[in-house]
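Biologist: Walk me closely through the strand pairing in this one, please, and then tell me what goes with it.

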Amino acid sequence: MTNNNHSCPAILFVCLDWRLHPEIENYFKEEYDNYDLCVSAGSLKDLIAENTKDYFLSQIECSRKLHNSQTVILTMHQDCGAYGGTANFEDAEDEFRHYQKVMDEAEKIVLQKFPKANVVKYFIGLEFKENKWVSDPKKIND
Ligand SMILES: [Zn+2]
């Protein structure tokens with residue numbers, strides 16, 4: 001049977017850090033079935049930066065137009081090199097709070113441009129366990 005339907009429910013913003021991939025993609029595939037993928041250093045770092053914001057908003061616009069995606073999945077991860085890594089923070093709580101602020105700011109920017117979008121946020125824990133990097137995504141509720 002041919003399936004010409006190429007719509008998808010979501011677009012995922014995620015850091016390019018190799019330690020997250022492809023596990024994180026598989027995780028979101030379970031959660032959202034299919035999604036468009038927007039990968040960049042620091043994930044939302046350049047979506048909230050004034051001079052690069054429009055480019056990232058245009059990626060959401062493309063996804064909505066081409067694939068009718070309704071959900072925008074915003075993620076940030078532990079030990080992100082684009083923010084100086086875990087060493088740059090006082091403790092785990094301080095690090096989490098920082099990324100929570102980044103995600104809140106990104107959510108505001110996305111909703112300003114796309115008021116009808118369904119925005120969801122995840123903080124991805126990242127730990128080296130038994131010789132490999134393991135990601136542990138957790139949904140953040142407002
Ligand atoms: Zn990163």
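Modeller: Two strands count as paired here if DSSP finds at least two bridges between them. Strands are DSSP runs of E with at least two residues, helices are runs of H or I with at least four, and both are numbered from the N terminus. Bear in mind that this is a predicted model: local features need pLDDT of at least 70, side-chain atom pairs count only at pLDDT 80 or more, and totals for chains, interfaces and linings use all residues. Residue numbers start from 1 along each chain as its sequence is written.

Let's start with β3 (71-77). This strand runs parallel to β4 (residues 118-129), and seven bridges hold the pair together. Between the two strands comes α3 (92-113), and β3, α3 and β4 together form a right-handed β-α-β unit. Right-handed here is a viewing rule: with the strands pointing away from you, the path from the first strand over the helix to the second runs clockwise.

Now look at the other neighbour of β4. With β5 (residues 132-140) the pairing is antiparallel, over nine bridges. K121 has I140 in β5 as its bridge partner, while F123 sits opposite K138 in β5. The hairpin of β4 and β5 has two residues between the strands, and in it E130 takes a positive phi near 45°. For background, strands of a sheet pair through backbone hydrogen bonds, either parallel or antiparallel.

The loops at the two ends of α1 are worth a stop. P22 lies in the loop between β1 (10-15) and α1 (23-32), and the H21–P22 peptide bond is cis, with omega about 0°. In the loop between α1 and β2 (35-40) you'll find D33, a residue other than glycine with a positive phi near 70°. Most residues other than glycine have a negative phi, and most peptide bonds are trans.

D79 also has a positive phi, near 60°, and sits in the loop between β3 and α3. Are these two aspartates buried or exposed? The cut-offs count other C-beta atoms, placed from the backbone, within 10 Å of a residue's own: 20 or more is buried, 12 or fewer is exposed, and in between is partly exposed. D33 has 10 such neighbours, so D33 is exposed; D79 has 20, so D79 is buried.

Next, the packing. A nonpolar core is a set of buried Ala, Val, Leu, Ile, Met, Phe, Trp, Tyr and Cys residues joined through C-beta atoms within 7 Å. The largest one has 26 residues, with L44, I73 and A106 making the most contacts inside it. β1, α2, β3, α3 and β4 each give it at least two residues, and β1 has the largest share, six residues.

A contact means C-beta atoms, placed from the backbone, within 7 Å of each other. Leaving out residues up to four places away in sequence, A106 touches L44, L47, I48 and L74. I60, in helix α2 (residues 53-67), is buried because it has 20 C-beta neighbours inside 10 Å. Beyond four places in sequence, I60 contacts I11, V72, V110 and F114. The C-alpha atoms of I60 and I11 are 7.0 Å apart, although 49 residues separate them along the chain.

Zooming out, the protein chain has three helices and five strands, running β-α-β-α-β-α-β-β from the N terminus. Of its contacts between residues at least 6 apart in sequence, 71% join residues at least 24 apart. Buried residues make up 27% of the 142 residues.

Definitions and conventions: Contact = placed C-beta atoms within 7 Å.
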